[in-house]
Amino acid sequence: MDTPSHQVEYEQMLLSRHSFMSKRGGRRADGLMDRSAYIMLSRILMQGPMSIGELSEAFALDASTLNRQTAAATRAGLLERIPDPDGGMARKFRLTEEGSRLLEQERAGIVEVLERVMGDWSEEDIAAFAGYLRRFNNGIEAIGGRPWPREG
C-alpha cells in the first residue's frame with residue numbers, strides 16, 4: 001500500500017464485503033427485503049415516482065432487469081404502478097404504504113447495526129465520517145454522471 005489512495009482502495013474493498021443486509025440470500029438475518037429492493041425503494045422514496053426508463057438510467061441497468069425487480073416488488077406489495085403524475089405516457093412506480101413502512105423498518109435495523117459498530121465513536125467523528133462518505137460518493141456519482149438525490 002504505497003499511497004493513501006491505495007489504502008482507500010483496500011478499505012473500500014473490505015467495506016464492500018460487509019453488508020448489513022447480507023447474512024443469507026442478500027438479507028440480514030432479521031432483514032425484511034433484499035439489497036436491490038432496499039436500494040430501489042430508497043431511490044423512489046427520495047426522487048418520487050419513477051418509470052422503468054428512469055430507473056434504468058439511475059441504476060445503469062437494462063430494462064429487463066428492472067422489470068423483474070419492479071415486478072417482484074409489486075407482487076410483494078412494496079410498489080404500485082400509477083399513471084405519470086406529470087402526464088407522460090410511461091407508467092411509473094411509487095411506494096405503497098406497506099413499502100414505505102417496511103423500508104423505514106429496514107433502515108432502522110441497519111442504523112441500529114451501524115450504531116453498534118460506531119458505539120465508541122464521538123458524535124463529531126460520526127458526523128465527519130458521514131461527511132467524507134458523502135464527498136466520496138459525490139465524486140463517484142460525478143464521474144458516472146448519476147447523482148443520487150439527497151435530503152438537505
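This is a predicted model: local features need pLDDT of at least 70, side-chain atom pairs count only at pLDDT 80 or more; totals for chains, interfaces and linings use all residues.

Reader: Which secondary structure elements does the protein have, and in what order do they run?

Author: Start by listing the elements, then read them off along the chain. The protein has 6 helices and 2 strands. Going from the N terminus, the order is α-α-α-α-β-β-α-α. The C-alpha atoms fill a box of roughly 50 × 35 × 30 Å along the principal axes.

Reader: What share of the contacts comes from residues 24 or more positions apart?

Author: For that, take the contacts with a sequence separation of 6 or more. Residues 24 or more positions apart account for 47% of those.

Reader: Let's do helix packing. At what angle do α2 and α5 cross?

Author: With a helix pair, check how the axes approach, then the angle, then the residues that meet. Helix α2 covers residues 35-47 and helix α5 covers residues 97-117; their axes come within 10 Å and cross at roughly 115°. Angles from 65 to 115 degrees count as roughly perpendicular, so α2 and α5 are roughly perpendicular to each other. The crossing of α2 past α5 is left-handed.

Reader: Which residues meet where α2 and α5 touch?

Author: From α2 you have Tyr38, Leu41, Ser42 and Leu45, and they meet Gly99, Leu103, Glu106, Arg107 and Ile110 of α5. Sorted by type, the residues of this contact are 5 nonpolar, 2 polar and 2 charged.

Reader: On to charges. How many salt bridges does the count come to?

Author: The general idea first: side chains of opposite charge can pair when their charged atoms come close. Here the cut-off is a Lys or Arg side-chain nitrogen within 4 Å of a carboxyl oxygen of Asp or Glu. By that rule there are 5 salt bridges.

Reader: Which strands hold arginine 94 and glutamate 80?

Author: The side chains of arginine 94 and glutamate 80 form a salt bridge, with N to O at 2.7 Å. Arginine 94 sits in strand β2 (residues 92-95) and glutamate 80 in strand β1 (residues 79-82), so this pair, 14 residues apart, links distant parts of the chain. As for accessibility, arginine 94 is partly exposed at 37% relative accessible area, and glutamate 80 is partly exposed at 29%.

Reader: And how far apart in helix α5 are arginine 101 and glutamate 98?

Author: When both partners sit in a helix, count residues between them. Arginine 101 and glutamate 98 are 3 residues apart in helix α5, so about one helical turn separates them. Their side chains meet in a salt bridge of 2.9 Å, N to O. Arginine 101 is partly exposed, with a relative accessible area of 43%, and glutamate 98 is partly exposed too, at 35%.

Reader: What about glutamate 141: buried or exposed?

Author: Buried means under 20% relative accessible area. Glutamate 141 has 15%, so it is buried. Arginine 150, at 28%, counts as partly exposed. The side chains of arginine 150 and glutamate 141 meet in a salt bridge, 2.9 Å from N to O. Elsewhere, salt bridges that share partners join Glu54, Asp84 and Lys92 into one network.

Reader: Now the loops. What is phi of alanine 60 near?

Author: Phi of alanine 60 is near 55°, a positive value in a residue other than glycine. Alanine 60 lies in the loop between α3 (52-59) and α4 (63-75). With 45% relative accessibility, alanine 60 counts as partly exposed.

Reader: Which residues does leucine 61 touch?

Author: Setting aside residues up to four places away in sequence, leucine 61 touches Ser56, Leu66 and Gln69. Leucine 61 is also found in the loop between α3 and α4, and at 32% relative accessibility leucine 61 counts as partly exposed.

Reader: Where is serine 51 placed?

Author: Serine 51 is in the loop between α2 and α3. Serine 51 has a relative accessible area of 9%, so it is buried. Beyond its neighbours within four places in sequence, serine 51 is in contact with Ala90, Arg91 and Lys92.

Conventions:
Residues are numbered from 1 along each chain as its sequence is written. Side-chain values use heavy atoms; hydrogens and water are left out. Axes are lines fitted to C-alpha atoms, for helices over the stretch in contact, and angles run from 0 to 180 degrees between N-to-C directions. Helices (H or I, at least four residues) and strands (E, at least two) are DSSP runs, numbered from the N terminus. Angles under 35 degrees count as roughly parallel, over 145 as roughly antiparallel, 65 to 115 as roughly perpendicular and the rest as oblique. A crossing is left-handed if the near helix is turned anticlockwise from the far one by less than a right angle, and right-handed if clockwise. Contact means heavy atoms within 4.5 Å. Ala, Val, Leu, Ile, Met, Phe, Trp, Tyr, Cys and Pro count as nonpolar, Asp, Glu, Lys and Arg as charged, and the others, Gly among them, as polar. Buried means under 20% relative accessible area, exposed over 50%, partly exposed in between (1.4 Å probe, protein chains only).
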